[in-house]
Amino acid sequence: MHGEYKVPGGKLVVVDLDVDAGRLARVRLSGDFFLEPDEALEALDAALTGLPADSDAAALAARVRSALPPGAVLLGFTPEAVATTVRRAVGGATGWLDHDWQFVHTGPQAPQTHMALDEVLAREVAAGRRPPTLRVWEWASPAVVLGSFQSLVNEVDGEAARRLGVEVVRRISGGGAMFVEPGNTITYSLYAPGSLVEGLSFTESYAFLDDWVLVALGDLGVKAWHQPINDIATDQGKIAGAAQKRLADGTVLHHVTMSYDIDAAKMLQVLRIGREKLSGKGLASAAKRVDPLRRQTGLPREEVIDSMVATFRRQYGLTGSALTDAELDAAEELVRGKFATPEWVARIP
């Protein structure tokens with residue numbers, strides 16, 4: 001069995017192992033990490049060998065930590081990263097390069113259509129009718145996108161939204177509300193099989209699936225990092241938030257909205273952002289919560305997107321694709337039957 005795990009912001013950890021009679025056997029750790037002293041690697045292999053194959057990540061990490069000689073130094077990885085790699089090997093996890101990634105970037109779509117497309121494309125990947133896909137969104141109109149479990153009246157000033165022509169929609173993933181306008185955000189979705197995140201906790205999967213974005217931002221001169229649970233931040237402030245939905249078979253919908261040139265004044269009129277939430281994040285004002293990419297990069301939005309896509313293609317491969325007629329028809333049916341209905345939008349009043 002073979003497992004790999006790229007530590008977000010760190011190094012690659014690889015393990016090859018067998019399972020004999022329900023226990024780990026012939027464990028061989030490797031990777032581009034740094035470890036001192038040299039003999040520590042053999043100690044880790046020996047410590048993991050013989051453990052029950054169904055050991056959880058906490059037990060594996062504890063065994064790794066106890067096997068390290070005094071004064072051992074680990075750079076670019078942790079005992080928890082080793083544990084994750086072992087769990088991915090035993091669980092049959094796949095890597096990014098094991099998949100033929102497709103790329104979809106169409107013209108502007110209505111907010112309700114975007115909500116429906118996320119559900120449709122995740123189902124298509126789950127059914128094997130579509131390979132794993134990266135989709136970049138284009139917004140046809142302004143919107144507030146509620147998380148699946150948010151209260152409509154607690155999050156949105158309905159009168160202000162109507163006055164400013166901002167549509168309110170609800171997505172199938174959890175997380176917080178997003179304020180979007182055409183040309184002012186960069187939104188993308190990943191639709192991936194559950195095997196890609198096998199062995200990762202939900203928190204780990206956010207960082208894992210967004211690691212390529214940190215590389216892409218670095219290529220643009222923006223030093224960014226993952227801020228648990230689901231944010232991407234710089235020393236200038238938050239620039240993106242992610243959300244996920246898992247289908248019954250484990251298929252992952254992971255989508256991210258990045259602020260390119262947010263209209264903070266309009267956002268504050270439409271969104272009800274509580275003082276408690278702001279104080280909990282140590283922020284003086286809501287307008288400073290998000291720092292746009294336009295200011296940090298000085299580049300046109302299209303150039304930022306092209307650079308991000310190029311980074312993904314360089315790291316994992318990417319083939320141009322398009323939405324099929326069947327996918328578009330299914331999305332429009334979902335809009336009519338679900339996403340445009342008051343029962344869905346106000347399902348939590």
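Just after helix α4, G128 adopts a positive phi of about 80°; helices (H or I, at least four residues) and strands (E, at least two) are DSSP runs numbered from the N terminus. This is a predicted model, in which local features need pLDDT of at least 70, side-chain atom pairs count only at pLDDT 80 or more, and totals for chains, interfaces and linings use all residues. Residues are numbered from 1 along each chain as its sequence is written, and side-chain values use heavy atoms, with hydrogens and water left out.

**Helix α4**
- Spanning residues 111-127, α4 has 17 residues and reaches 25 Å from first to last C-alpha, close to the 24 Å expected when 1.5 Å is multiplied by one less than the number of residues.
- Because 14 of its 17 residues are buried (under 20% relative accessible area, 1.4 Å probe, protein chains only), α4 is largely enclosed by the rest of the structure.

**The sheet**
- Eight strands form an open sheet of mixed pairing in the order β12-β13-β14-β15-β11-β7-β6-β16, where two strands pair if DSSP finds at least two bridges between them.
- The edge strands, each pairing on one side only, are β12 (225-227) and β16 (319-320).
- Strand β6 (residues 102-105) pairs with β16 in the parallel sense over two bridges, and the bridge partner of Q102 in β16 is T319.

Note on methods. Buried < 20%, exposed > 50% of the residue type's maximum accessible area, 1.4 Å probe, protein only.
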